[in-house]
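Trainee: Could you take me through how aromatic contacts are read in a model like this one?
Mentor: Gladly; let us look at it together.

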Amino acid sequence: MNNTILNNSLRFIALLLVQVFVLDNIHLSGYINPYLYVLFVLLLPFEIPGWALLISAFAMGFGVDMFSGTGGIHAAATTLMAFTRPFVTRFVASRREYEPGIQPGIADLGLRWFITYAGSLILVHHTALFLLEVFSFAGFYDTFQRIVLSSLVSFGMVLLVQYLFYPVRAKR
Amino acid sequence: MRNILDFLLRIRFFLLFALLEVIAMIFVFRHNGYQQSVMLSASSSFTGRIQERFNNVVYYFSLRQANDFLMEENARLRASIPESFVQNSRQVFFESDTLYRQRYTYVPARVIRSTFDRRSNYLVIDKGSKDGIEKDMGVITSNGVVGIVHSVSAHYASVISLLHKDIRISGRILRNGYVGTFRWDKALPEEASLNEIPAHVDLVAGDTVVTSGYSLMFPAGIPLGMVQDFHLPEGDYFYEITLRISTPFRQLSHVYVVKDLAREELNRLNLPENE
């Protein structure tokens, strides 16, 4: 248990630093801002109590807000994402049961599960984030374009990190 | 009573979620509402210090460009000092002449963080209230307008970039003197639009647009951009003008904060509803 807390804390700090100092300085055309830090919420263990899930997600978003001077939009979007996570895990079918000790990731639950799980949560997060950023539905097509493109890039990065750091063990 | 408690216990997940969202929203509105909170400036002095460390490293990569800009500006300024003028008539006044009273002074600052691909972009500069920076001061470079100071901590200040969806700056077309409103409603950090130029004005692509001097933030004549493209929508009285922004936001490193010495006096003239 302590190990889990330590692991997640380290991941929190690492993702925050990478987001603020590396990704925020990468500018892919005018439309795409990748937000890799959502990976933190995606990888929190299944056993985490609801309050801890919400609060740690809020803290993650708030950290990004503090560094990029965006008020509270990341905090709001990340909290919403954490709130929807239990519903998504309940509805996304996996080839294995959610037994204790299982980690939300490709390694334990397979690629197809992870794509639906991460894809839908990232879409929730980015939709909330970009709508809060413009704070209006005017120019919705433009915002929509940003949401879709950035979601795709963020999702690609999340997958990449999954394959780099959590290699699929040869067991099936 | 039991039932209510039971119910609250059952929806506690949702309640916590709602509470956190409300907190986040308070931060959003605080920030957008131009209210400088103690929290924000305290935190910006902490994150500012970390960002400055990081920027010290990245700074080296842009030294060459920064040098070029500064050289160019030095050359221009050198050309305007009294020593480079010859007195050819009694009509020439020097700076020390009592006919001129200084209105603007400039504080040089370094950009330690900037974004340009959001809808609301901000910069952080390494000068703060200790250096006399105050909220609502203008920020420029040698190339043009950068933005407006938004909040200040002791050693740092955050600046609303020209590339912000809510920014409005009055811009004058240099050639004919007409004044419109500059807005950034485009996706790229190179493009913006100028509104409220009436249909009878004759426009040419390439016209320079500068600050009008009507605001208390910028002196008149600081470049905003160049007319790139314009057309008159059918049945409309006003042009739709696309500007090419003159400030290179992708490679910003040195800026100047504009101090308007006449600001207090002019503020006192303001009507009460402007407060």
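Mentor: We begin with A:Trp113 and A:Tyr117, both of which are buried, a word that means under 20% relative accessible area, with exposed over 50% and partly exposed in between (1.4 Å probe, protein chains only). This is a predicted model, in which local features need pLDDT of at least 70 and side-chain atom pairs count only at pLDDT 80 or more, while totals for chains, interfaces and linings use all residues. Residues are numbered from 1 along each chain as its sequence is written, chains are lettered from A and ligands numbered from 1 in the order in which they are written, and side-chain values use heavy atoms, with hydrogens and water left out.

Trainee: Why is the pair A:Trp113 and A:Tyr117 called stacked?
Mentor: Rings of Phe, Tyr and Trp (its six-membered ring) pair if their centres lie within 6.5 Å, and planes under 30 degrees apart count as stacked, over 60 as edge-to-face and the rest as tilted. Here the ring centres of A:Trp113 and A:Tyr117 are 4.5 Å apart with the planes at 15°, so the pair is stacked.

Trainee: How does the pair of B:Phe14 and B:Phe17 lie?
Mentor: That pair is tilted, with 6.1 Å from centre to centre and 50° between the planes. B:Phe14 counts as partly exposed at 42% relative accessibility, whereas B:Phe17 is buried at 9%.

Trainee: Which residues do ring pairs link into a cluster?
Mentor: The cluster joins A:Phe83, A:Phe87, B:Phe13, B:Phe14 and B:Phe17.
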